[in-house]
Amino acid sequence: MTIIALTTDFGLTDGYVGIMKGVILSIAPHACLVDLSHDIAPQDVRQASHVLARAAPYFPGGTIHLAVVDPGVGSHRRPLLVITQRARYVGPDNGIFSHVLGQGDAQAWTLDQPRYWLPQVSQTFHGRDIFAPVAAHLAAGVEPERLGRRIHDPVCLALPEPCRRPDGRIRGEIVYVDHFGNLISNVPADWVARGGWSCRIAGRSAPLVSAYAEVADAAPAGLVGSSGAVELAVRNGNASRTFNVGTGEKLELWPMA
Amino acid sequence: MTIIALTTDFGLTDGYVGIMKGVILSIAPHACLVDLSHDIAPQDVRQASHVLARAAPYFPGGTIHLAVVDPGVGSHRRPLLVITQRARYVGPDNGIFSHVLGQGDAQAWTLDQPRYWLPQVSQTFHGRDIFAPVAAHLAAGVEPERLGRRIHDPVCLALPEPCRRPDGRIRGEIVYVDHFGNLISNVPADWVARGGWSCRIAGRSAPLVSAYAEVADAAPAGLVGSSGAVELAVRNGNASRTFNVGTGEKLELWPMA
Amino acid sequence: MTIIALTTDFGLTDGYVGIMKGVILSIAPHACLVDLSHDIAPQDVRQASHVLARAAPYFPGGTIHLAVVDPGVGSHRRPLLVITQRARYVGPDNGIFSHVLGQGDAQAWTLDQPRYWLPQVSQTFHGRDIFAPVAAHLAAGVEPERLGRRIHDPVCLALPEPCRRPDGRIRGEIVYVDHFGNLISNVPADWVARGGWSCRIAGRSAPLVSAYAEVADAAPAGLVGSSGAVELAVRNGNASRTFNVGTGEKLELWPMA
């Protein structure tokens, strides 16, 4: 029973996600459907790429990630299939799979075989008309080669890179803000694995601790979060509101003496 | 494996939808549950009818749509089953299936057989006590005749009709506003299939184009949307906020010279 | 096919719930996943306990409730398994199962066997690293004794108790406010089963009726709600906004002459 995990910016009010599921189940009745997120900010391809990259390692091998954040729908942007050793990805070729494509073992196809789409394709809802049916046919066992042709230039967003300076300081950036207001950076855990560290963001400092419980209620703390990156949190509070910062904010870490 | 698709105004916070699913799975353990929407505006029967009508064609034949937006719960409003060639519908007899009932091949039953309900029926949650168990028994193979008796007067809301004037102009109405702020009208695609059209809403004009990509960012455009009706959109923006209009707003289209 | 029902304060935006589902399906591919709520207010253990208690009776016997509202993650709070005759519960030992533990037939285990967790356990996301895998192993048939050891002191919150005074009056408290703004109290239905009653809240009075339909639109009414407790509602309105009250507000009921 193949899993199809869905990520969109459609919201859950209008039934658009349900429609995609109806299309999938019409083609692949035994697919196991899992919602990853439908509350990606409208047209925020970068956020979707981050959410996908973080979640994919925890799904069974062969999971199909159907991801539709598609500001270019109806234009010439290509429909895309990406396959890695671990998973398969179906969605628009607009950077939504940037994190995945950066991992080295990814192969890409442009989906150009309308026989695997719905008979009528609208100009505004390729999630329903192209991506859902292709994901379903993939789940039902259709080979990638029949769905499209190999390409070698899928769109990749430039993702901000952290850097280590000669004096030992680390500069990174907040790349995601979650539901709890935690500020997730692009600084990987192993860069701060040894010794004590302090961090500074928006002119304020906080120690790097190993668990929320080490600081007082409402106190800010940096720690290695569950995504394997440094994040800023406020214990039982909301760091994004406390610091009044969001995605793109710079972060500095330095080793304690 | 029969699909039961759920549409309610319950929201997802309180667990009411989960309770209905628990009831269904207690009776029909192999039912495949799909959420269509649980964010229908409280008591907005008309919105639910629209969402259902738009989604139902994309589900496999025989799908059971369990729809509960039920301001008359606890009063004398009847519980209803509607069956068309394509699908089955269970919910209150309050107009929630108006679009479906208008399609010609619909047959209706009032659900009056308490043996297919939960043993105790509350005055406030027939979704749990009547509709979910009936939908589950239907999925498990119980015949409609055992669940209730045929009726010929289910409640139908008067839906606004678009009109074509002698001078070629079309007058329609916004019947739905979606998550992206797109303004979806009741003017069918085939009325504007030939030639160029302009549209006017709230004192402002926009061309009718064939894809978002034909207009500049943040520019308004009319186009045939994925529901097969004319809709107003703002490219990478929110038409409802831009025009400051919502459901019920009038729309005019006229052929370009 | 064992049901695993999920209740969290994770929201649906970030993919955290989807990650837990990926972990579960990696271990127990045939588990049937149902969402109860992911919009518990951040860190509101009491609300989660109430939602669980209300929903659990409507799920099939043996259902596993995976509940993660976990302000103490990364501290010394224990991971917990609770089993009753009807259901199984997995989550942090912080009071989230208070209503269940108060029912008398509950047995508790602390989960101390890391072989049933993910290989790497973060300090911030035990839902993914401990609770989801344990729930999945439980669904796959692993015995409780292998997952942990019996304990007899799980954390229980003090829940407010209603009282009956010698003059026949009842004093209770609002313990939950739902999506519709209905104010749900802790006064059980059978306390008001006989005779007529009036209720007072926030200095205003309302009759106790048997269905919304007995009062006019926008009028307040007390009634026995679907949870088997007295609740205050405003017909086709929002009682919480009308009365401007929430959880913790006192309520008084008295028998009518």
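Biologist: How many salt bridges are there between chain C and chain B?

Modeller: Side chains of opposite charge can pair when their charged atoms come close. In this predicted model, the count between chain C and chain B is zero. Polar contacts do occur there: 11 residue pairs are found across the interface of chain C and chain B.

Biologist: Which elements of chain C give two or more residues to the side that touches chain B?

Modeller: They are strand E2 (32-37), helix H2 (45-55) and strand E9 (170-177) of chain C. E2(C) gives the most, with five residues. By residue class, the side of chain C that touches chain B divides into 19 nonpolar, eight polar and four charged.

Biologist: What is the area buried between chain C and chain B?

Modeller: The size of an interface is often given as the accessible area lost when the parts come together. Between chain C and chain B about 2400 Å² is buried, and carbon and sulfur atoms give 59% of that area. Tyr58(C), His179(C) and Phe180(C) supply 26% of the area that chain C buries against chain B, more than any other three residues. In terms of contacts, 31 residues of chain C meet 28 residues of chain B.

Biologist: Is Glu252(A) buried or exposed?

Modeller: Glu252(A) is buried, because its relative accessible area is 13%, under the cut-off of 20%. Arg169(A), at 29%, counts as partly exposed. Both residues belong to a network of salt bridges that also includes Arg165(A), Asp167(A) and Arg171(A).

Biologist: Which residue meets Lys250(A) in a salt bridge?

Modeller: The partner is Glu173(A), at 3.1 Å from N to O. This pair links strand E15 and strand E9 of chain A, 77 residues apart. Lys250(A) counts as exposed at 54% relative accessibility, whereas Glu173(A) counts as buried at 17%.

Biologist: How many disulfides does the structure hold?

Modeller: The structure holds zero disulfides over all chains. For Cys199(B), the nearest cysteine sulfur is that of Cys163(B), 16 Å away. Cys199(B) is buried, with 0% relative accessibility.

Note on methods
Residues numbered from 1 in each chain as written. Chains lettered and ligands numbered in written order. Predicted model: local features only at pLDDT ≥ 70, side-chain atom pairs only at ≥ 80, totals over all residues. Heavy atoms only, no water. Contact = heavy atoms within 4.5 Å. Buried area = accessible area lost by both parts, 1.4 Å probe. Salt bridge = Lys/Arg side-chain N within 4 Å of Asp/Glu carboxyl O. Polar contact = N/O pair within 3.5 Å; in protein donor to acceptor, adjacent residues only side chain to side chain. Helix = DSSP H or I, 4+ residues; strand = E, 2+ residues; numbered from the N terminus. Nonpolar A, V, L, I, M, F, W, Y, C, P; charged D, E, K, R; others polar. Disulfide = S-S within 2.5 Å. Buried < 20%, exposed > 50% of the residue type's maximum accessible area, 1.4 Å probe, protein only.
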